Amino acid sequence: NLTAELVGLVASLNSANARLPIPKSASLMTQWISGLHPQLDWNGFSNINHSGLSRKARYSASHLACILQHAFALYPKGSTNGGVHSRGFEDLLPRLNWEEELGPKATTVAAKSGTMSYADGLVGILRTSRNDALGFAILVTDFEEREIYDSQMLTLPPPHSKKALDWTERAKSFEKALLKQWSTLH
């Protein structure tokens with residue numbers, strides 16, 4: 001998350017030629033990406049920082065898939081830029097070691113997760129056994145429980161309850177099951 005914040009701040013510094021506070025920097029980056037992809041409805045997209053780590057952040061899977069597709073197209077695997085060989089955008093994402101869940105021949109998963117109580121997301125690239133790259137954006141939220149959780153927050157977040165931790169475990173199992181199904185279908 002710190003890397004995302006720093007990269008976003010440097011990007012807005014280069015774009016605006018000024019040091020901006022995180023919310024203004026995030027707003028500038030939102031204007032930039034939405035301007036590049038006007039075919040997508042950006043209403044409802046709320047980005048108050050670069051990492052997405054906020055209870056006020058609002059994204060749809062379509063928004064995140066668009067951003068992922070944009071980044072994937074910018075850094076194609078095997079391309080060269082000024083004589084420097086690009087490993088590809090997926091190599092910039094953390095590799096998830098899910099061989100046990102997906103099977104030894106299956107795939108590799110390069111993804112970024114985002115987890116808060118009653119909200120979980122996983123966005124990345126599933127590389128199939130046929131070497132196809134499948135982009136995905138999975139968002140799982142229990143809106144009712146998340147609203148209750150947010151309403152109970154004072155100055156510090158309440159500790160994770162067993163109920164919230166169990167919910168997160170089920171959400172992550174669901175994400176792995178989806179990826180396993182996709183890896184066998186593709």
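This tour moves through a predicted model one selection at a time.

Because the model is predicted, local features are described only at pLDDT of at least 70 and side-chain atom pairs only at pLDDT 80 or more, whereas totals for chains, interfaces and linings use all residues. Residues are numbered from 1 along each chain as its sequence is written, and side-chain values use heavy atoms, with hydrogens and water left out.

**The whole chain**

Start with the protein chain coloured by pLDDT, the predictor's confidence in each residue on a scale from 0 to 100; the mean is 85, and 85% of the residues reach 70 or more. Confidence is highest in helix 2 (residues 22-36), at a mean of 94, and lowest in strand 2 (residues 84-85), at 55. Where pLDDT is low, the predicted coordinates should not be read in detail.

Switching to a cartoon shows six helices and six strands, in the order α-α-α-β-β-β-α-β-β-β-α-α from the N terminus; these elements are DSSP runs numbered from the N terminus, with helices being H or I of at least four residues and strands E of at least two. Of the 186 residues, 35% are buried, where buried means under 20% relative accessible area, exposed over 50%, and partly exposed in between (1.4 Å probe, protein chains only).

**His37 and its contacts**

Next select His37, in the loop between helix 2 and helix 3, which is buried at a relative accessible area of 15%. Leaving aside residues up to four places away in sequence, His37 touches Trp42, Cys66 and His70, a contact being heavy atoms within 4.5 Å.

**Helix 5, face by face**

Move to helix 5 (residues 143-151) and select Glu145, Arg146, Tyr149 and Asp150, which are its buried residues. Seen down the helix axis, these buried residues fall within an arc of 135°, so they line one face of helix 5; the arc is that of the directions from the helix axis to the C-beta atoms. The other side carries Phe143, Glu144, Glu147 and Ser151, which are exposed. To see what covers the buried residues of helix 5, display among others strand 4 (108-116), strand 5 (119-127) and helix 6 (162-185).

The structure holds five salt bridges, each defined as a side-chain nitrogen of Lys or Arg within 4 Å of a carboxyl oxygen of Asp or Glu. One of them joins the side chains of Lys163 and Glu145 at 2.9 Å, N to O; Lys163 lies in helix 6 and Glu145 in helix 5, so the pair ties together parts that are 18 residues apart in sequence. Glu145 is itself buried, with a relative accessible area of 17%.

Then select Asp120 and Lys172, whose side chains meet in a salt bridge at 3.0 Å, N to O, and which link distant parts of the chain, with Asp120 in strand 5 and Lys172 in helix 6, 52 residues apart. Asp120 is buried at 3% relative accessibility, whereas Lys172 is partly exposed at 27%.

A further pair, Lys162 and Asp166, meets at 3.1 Å, N to O; both residues lie in helix 6, four residues apart, about one turn of the helix. Here Lys162 is exposed, with a relative accessible area of 60%, and Asp166 is partly exposed at 29%.

**Last stop: Tyr75**

Finish at Tyr75, in the loop between helix 3 (61-74) and strand 1 (80-81), which is partly exposed at 42% relative accessibility.
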